[in-house]
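Visitor: Could you take me through this structure, and show me at each step how a value leads to the word that is used for it?

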Amino acid sequence: MSLVPESNGYSFSRIAPIQAVLFDIDGTLCDSDPLHYFAFREMLQEVGFNGGVPIDEDFFVEYISGKHNEDIGTALFPDWDHEKAMKFMDDKEAMFRRLASEQLKPVNGLHKLCKWIEDRGLKRAAVTNAPRANAELMISILGLPDFFEFLIVGSECERAKPYPDPYLKALKELKVSADHSFIFEVLYLLCKDSVSGIKAGVAAGMPVIGLTTRNPEHLLMEANATFLIKDFNDPKLWMALEEQDSVAMGASKI
């Protein structure tokens, strides 16, 4: 099942009735990357990474953003033992949580979308590669601890994103079909591994709506997202949701 472009926008009709909506967290529910970038830049400089020269945003996007902490630690510190590298990552996450507590904000239109989902009784889960402590904090700050029925963390699955395991686990926990569910994922168009979450969702058999939170809308075919939106106020999204309401209303009259 997939969404298809139509003359007036994009359609959810092929996955109607919708049973569930799954969300990534970092960059999808909130624009958290600037906080991650700041934490990495400061802490890497402290340990003398790159000769003490601060990393720039291009380095962050290409080698860090969207990746799992185990992989980041190994890539940044190939000469460190695993325990030392993971201690650095844990300290960095603690710094991120301090920053998030003061600065994290929702992506535009998030609460409007959440209300639409709640009003229609759809099931929902958050699916992330972020550490559980980070994920729980972000969900709490955004005021959504009661919105999500399940929080699926990549490191707690057999394989994290870009493998489909976290999304497949979410479907199992929610007891829903991939044929009637879809995903919101962030899209980092400048990153070589930018589409790990989108690949995970596609591999799990679901349409993926890509958020270009901090990037222009292009390279759609390379991303393999079903379609792209700037944020949750994007007219393309609401045209599709309004059509879904019309389909559901028609089905109820049959």
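Guide: Let us begin with a cut-off: a residue is called buried under 20% relative accessible area, exposed over 50%, and partly exposed in between. The model you see is predicted.

Visitor: What makes Lys175 exposed?

Guide: The relative accessible area of Lys175 is 69%, and the word exposed applies over 50%, so Lys175 is exposed. Lys175 belongs to the loop between helix 7 and strand 6, and although Lys175 is not a glycine, its phi is positive, at about 60°.

Visitor: Which residues of helix 7 are buried, and what covers them?

Guide: In helix 7, which spans residues 165-174, the buried residues are Asp165, Pro166, Tyr167, Ala170, Leu171 and Leu174. Their cover includes strand 3 (20-23), strand 4 (123-128), strand 5 (150-153), strand 6 (181-186) and helix 8 (196-203). In the loop between strand 5 and helix 7 lies Pro162, and the peptide bond from Lys161 to Pro162 is cis, with omega near 20°.

Visitor: How do you know that the buried residues of helix 6 are on the same side of the helix?

Guide: The buried residues of helix 6, which runs over residues 132-141, are Asn134, Ala135, Met138 and Ile139. They cover an arc of only 125° around the axis, and therefore they are on the same side of helix 6. Among the elements that cover these buried residues are helix 1, helix 4, strand 4 and strand 5. Just after helix 6, Gly143 takes a positive phi of about 75°.

Visitor: Why does Asn69 count as buried?

Guide: Asn69 has 15% relative accessibility, and because buried means under 20%, Asn69 counts as buried. Asn69 is part of helix 3, residues 69-76, and, leaving aside residues up to four places away in sequence, it touches Met86, Met89, Glu93 and Pro131.

Visitor: Which residues line the largest pocket, and which helix supplies the largest share of that lining?

Guide: The lining of the largest pocket consists of His68, Asn69, Glu70, Met86, Met89, Asp90, Glu93, Arg97, Asn129, Ala130, Pro131 and Ser155. Helix 4 supplies the largest share, five residues, while helix 3 and helix 4 (82-103) each provide at least two. The volume of the largest pocket is about 170 Å³.

Visitor: How do the residues of that lining divide into nonpolar, polar and charged?

Guide: The lining of the largest pocket divides into four nonpolar, four polar and four charged residues.

Visitor: And for the protein chain, what percentage of the residues is buried?

Guide: Of the 254 residues in the protein chain, buried residues make up 52%, and the secondary structure comes to 10 helices and eight strands. Among contacts with a separation of 6 or more, 70% are between residues 24 or more positions apart. The protein chain exposes about 11,900 Å², of which carbon and sulfur atoms supply 51%.

Conventions:
Residues are numbered from 1 along each chain as its sequence is written. This is a predicted model: local features need pLDDT of at least 70, side-chain atom pairs count only at pLDDT 80 or more; totals for chains, interfaces and linings use all residues. Side-chain values use heavy atoms; hydrogens and water are left out. Buried means under 20% relative accessible area, exposed over 50%, partly exposed in between (1.4 Å probe, protein chains only). Helices (H or I, at least four residues) and strands (E, at least two) are DSSP runs, numbered from the N terminus. Contact means heavy atoms within 4.5 Å. On a 1 Å grid over the protein atoms alone, a cavity is a set of points where a 1.4 Å probe fits but cannot get out, and a pocket is an open set with protein on both sides within 12 Å along at least five of seven lines; lining residues have an atom within 4 Å of a point. Grid points are joined across faces, edges and corners, and a volume is the space filled by probe spheres set on the points. Ala, Val, Leu, Ile, Met, Phe, Trp, Tyr, Cys and Pro count as nonpolar, Asp, Glu, Lys and Arg as charged, and the others, Gly among them, as polar. The arc is that of the directions from the helix axis to the C-beta atoms. Accessible areas come from the Shrake-Rupley method with a 1.4 Å probe; for residues, only the protein chains shown count as cover.
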